[in-house]
Structure formats: structure tokens, C-alpha cells
Amino acid sequence: MTSQEIQNQALMLAGLPPVTDRDAKTPSAEFIYDHYPVTVRRLLRDHVWGFAVKFIPLARLNAPCLDPNYGFIQALPVDCLRVLAVTPGRYRVCSNQVFTTEAKVTLEYVAEITDATRFDAMFADGLMYALAAEIAAVFAPDMNKSSYFEQQAMLRLQNAKTVQAQENAEHLQPRRRSRWLESRR
């Protein structure tokens, strides 16, 4: 699904007409264009979505590290929404920088994905309902509609998280046998 399709589906769920003209100045069009990127960023930060995880070597800055516990400063990429790990060594995130104990490090992070075609289908479905909840809260006279869409968004996103957890389950990896347990059998 494209971002436009997700936005239009959310509008239609909330009982509003889809936006056909990207330059439309209707209240619902302006609302969806303002809230879509914020909602996407919020949902991407909420969970470690596999489609949004990136690994990159960090660029070292030529500036002194002001924290005496760390010797180096690296710049975070502009699309970084959430730092998951910096390896090797210890690290501390401070604003748009990372203080590290090592000069060369790799960053694992949740990236801001702006191309909706890269979203997992279940994530896109949950996003659509989250947007519909926000739209309904403003444009629908019945607050039950907004609550319903919020519940559906949470359910659909939880299902997406469950499926992702199953895809990345440790039980799919070969298990190491415990010598202690083996001796007890």
C-alpha cells in the first residue's frame, strides 16, 4: 500500500471521502497530511519492526567528548528514531549524537521509513486504524467510533508484533544442549 492509499482508507473508515487531489485544502485532507507522518513515527518508535531496522557504521565527529566516561562522539543518522544498540563497547545517546568508548562502532536502530510500500502489510493495517481513530476523534460526532478504531489499531498492531516475534523466534535457531540437563536424564 502507498501512503496515499493508507490515508484514504483511514478517511473512508472514519466516514469521510478520500482525498483525490494532493493539493486539496479540505479540513480532512489537511488533517490527514499533518497527522500521517507523526502517527507513522510514533508507531515505528513503539516497537522494533523488522522492516524498519537498519545497521550502519557511525561517522566519528572530530570534536572532544564532553563526557569523561566516553572517548568518542559519533553522529546519529537523520532517519534514526530509536537506538537499539551500538557495538562494540559502551555508549550513551545524547541528542543527535552517540558518545562511545570505541572509535569505530556499528549502530543498530529503528529508521524512519517514509516509503509506505516498505511497511509490513499488518503494520500498514494497524496504521490505517490508528489514523482512523485520530480522524474520528476530530470529525465524527460519536466518540464511540474513535474508541472502536483505537481498539482495532491496538489489536491489529499487536497481531503484527506477534507474527514478527514468531518470524524471529529463537526456537527456530539450533538449541545448545545443557550438559547439566543431559546428565539428569
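In what order do the strands of the open sheet run, and with what pairing? The order is β1-β7-β4, 3 strands with antiparallel pairing; strands pair here if DSSP finds at least two bridges between them. Strands (E, at least two residues) and helices (H or I, at least four) are DSSP runs, numbered from the N terminus.

Before going further, note that this is a predicted model, where local features need pLDDT of at least 70, side-chain atom pairs count only at pLDDT 80 or more, and totals for chains, interfaces and linings use all residues. Residues are numbered from 1 along each chain as its sequence is written, and side-chain values use heavy atoms, with hydrogens and water left out.

Back to the sheet: β1 (53–57) and β4 are its edge strands, each pairing on one side only. From one strand to the next, the twist averages 30 degrees. Between β1 and β7 there are 5 bridges, and Phe55 stands opposite Glu108 in β7. Packing on this sheet is α2, which touches β4 and β7.

Now for the largest nonpolar core, which has 48 residues. Such a core is a set of buried Ala, Val, Leu, Ile, Met, Phe, Trp, Tyr and Cys residues joined through side-chain atoms within 4.5 Å, buried being under 20% relative accessible area (1.4 Å probe, protein chains only). Ile6, Leu44, Phe119, Phe123 and Leu127 touch the most other members. The biggest contribution comes from α3, with 11 residues.

Take a closer look at Leu127: beyond its neighbours within four places in sequence, its contacts (heavy atoms within 4.5 Å) include Ile6, Tyr36, Phe119 and Leu157.

Notes
Buried < 20%, exposed > 50% of the residue type's maximum accessible area, 1.4 Å probe, protein only. Axes fitted to C-alpha atoms, helices over the stretch in contact; angles between N-to-C directions.
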